[in-house]
Amino acid sequence: MRPPGRRGVPTAPPALLLLLLPLLGPLLGAPRGVGAGPGAPAELRVRVRLPDGQVTEESLQADSDADSISLELRKPDGTLVSFTADFKKDVKIFRALILGELEKGQSQFQALCFVTRLHHNEIIPSEAMAKLRQKNPRAVRQAEEVRGLEHLHMDMAVNFSQGGLLSPHLRNVCAEAVDTIYTRREDVRFWLEQGVDSSVFEALPEASEQVHLSRCGQVGDGGKPCVCRYGLSLAWYPCMLKYCHSRDRPTPYKCGIRSCQKNYSFDFYVPQRQLCLWDEDP
């Protein structure tokens with residue numbers, strides 16, 4: 001074992017829908033992008049407005065065979081943020097590739113992965129995501145709903161070499177974050193109950209020890225351990241299906257999606273302050 005820390009049913013007029021979710025996909029052909037071939041992931045690229053007002057391109061991929069969804073965007077500071085939802089394994093993976101500041105002695109980039117339990121009502125199913133179309137690819141999308149900040153205390157680590165037992169996506173998504181894959185004890189309990197082997201998980205310093213550690217923003221010595229905080233935002237993602245009503249149909253039918261924005265804040269142990277130079281807040 002390596003040393004710890006190294007690592008509803010709303011109505012919506014169809015004319016107002018930003019994205020269409022056709023019920024009869026074969027009539028409309030294959031999704032634009034990567035998903036043209038059988039079994040290939042379907043890709044959708046959208047322009048989205050970030051919380052700070054800037055605009056970036058976001059890539060969303062759905063693989064209905066693997067029952068997974070992935071999202072990726074690049075922030076204005078160059079940070080690459082990705083999110084993967086593995087519905088088969090009840091796992092979601094956040095990854096951040098943070099550009100280093102060479103003048104501060106940092107490497108070219110620093111990678112972080114945060115792995116938590118996926119609840120299936122957080123995002124639309126992969127089959128639905130694979131059928132999404134854009135009516136106007138040049139339009140800038142802004143989330144219809146801003147969901148509250150979720151603050152997560154990451155008190156366990158994931159053993160990268162065994163990570164495939166938790167989710168087959170983990171070894172690919174977190175390949176640059178071998179020693180910095182964090183999770184939560186409460187989620188570990190759930191996965192163990194689902195039959196995931198305990199070798200996947202490793203202990204970080206006990207919570208009682210972490211209580212006595214300062215936030216990294218309050219530590220001046222770059223070699224001291226501290227509690228690091230990293231925040232990220234999913235600026236735009238399809239969080240639920242919309243249903244419409246029609247006189248010609250006896251029951252509501254799927255006619256689009258509702259988009260959401262969600263912010264996350266992760267606290268986790270680092271053995272050295274210099275591994276958390278972005279955390280300047282007191």
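The lining of the largest cavity divides into five nonpolar residues, no polar and one charged. In this classification Ala, Val, Leu, Ile, Met, Phe, Trp, Tyr, Cys and Pro are nonpolar, Asp, Glu, Lys and Arg are charged, and the others, Gly among them, are polar. To display the lining, select Phe83, Glu122, Ile123, Leu234, Tyr237 and Tyr264. The space in this cavity is about 40 Å³. A cavity here is a set of points, on a 1 Å grid over the protein atoms alone, where a 1.4 Å probe fits but cannot get out, and lining residues have an atom within 4 Å of a point. Grid points are joined across faces, edges and corners, and the volume is the space filled by probe spheres set on the points.

The model is predicted: local features need pLDDT of at least 70 and side-chain atom pairs count only at pLDDT 80 or more, while totals for chains, interfaces and linings use all residues. Residues are numbered from 1 along each chain as its sequence is written, and side-chain values use heavy atoms, with hydrogens and water left out.

**The nonpolar cores**

Select next Phe114, Phe266 and Phe268, which touch the most other members among the 51 residues of the largest nonpolar core. Strand E14 (residues 226-244) gives the most to this core, with 10 residues. A second, separate core of 22 residues includes Cys174, Ala177, Phe190 and Trp191. Such a core is a set of buried Ala, Val, Leu, Ile, Met, Phe, Trp, Tyr and Cys residues joined through side-chain atoms within 4.5 Å; buried means under 20% relative accessible area, exposed over 50%, and partly exposed in between (1.4 Å probe, protein chains only). Strands (E, at least two residues) and helices (H or I, at least four) are DSSP runs numbered from the N terminus.

Now centre on Phe268. Leaving aside neighbours within four places in sequence, Phe268 is in contact (heavy atoms within 4.5 Å) with Leu112, Phe114, Met154, Tyr182, Cys226, Val227, Cys228, Tyr230 and Trp278.

**The aromatic pairs**

The structure holds 10 aromatic pairs. Rings of Phe, Tyr and Trp (its six-membered ring) pair if their centres lie within 6.5 Å; planes under 30 degrees apart count as stacked, over 60 as edge-to-face and the rest as tilted. Show Phe94 and Tyr264, a tilted pair at 4.6 Å centre to centre, with 55 degrees between the planes. Phe94 lies in strand E6 (residues 91-99) and Tyr264 in strand E15 (residues 253-270), so this pair ties together parts 170 residues apart in sequence. Phe94 is buried at 0% relative accessibility, and Tyr264 is buried at 4%.

Move on to Phe114 and Phe266: their ring centres are 4.0 Å apart and their planes at 0 degrees, so the pair is stacked. Phe114 in strand E7 (residues 109-117) and Phe266 in strand E15 are 152 residues apart, and both are buried. To see the cluster linked by ring pairs, select Phe83, Phe94, Phe114, Tyr182, Tyr264, Phe266 and Phe268.

**Three further stops**

Thr116, in strand E7, is buried with a relative accessible area of 2%. Not counting residues up to four places away in sequence, Thr116 touches Asp90, Val91, Lys92, Phe94, Leu152, Met154, Arg184, Asp187 and Trp191.

Ala143 lies in the loop between strands E9 (140-141) and E10 (145-154) and is buried, at 17%. Its C-alpha is 8.3 Å from that of Arg49, 94 residues away in sequence.

Finally, select His212, in the loop between helix H5 (207-211) and E14. His212 counts as exposed at 69% relative accessibility.

Notes:
On a 1 Å grid over the protein atoms alone, a cavity is a set of points where a 1.4 Å probe fits but cannot get out, and a pocket is an open set with protein on both sides within 12 Å along at least five of seven lines; lining residues have an atom within 4 Å of a point.
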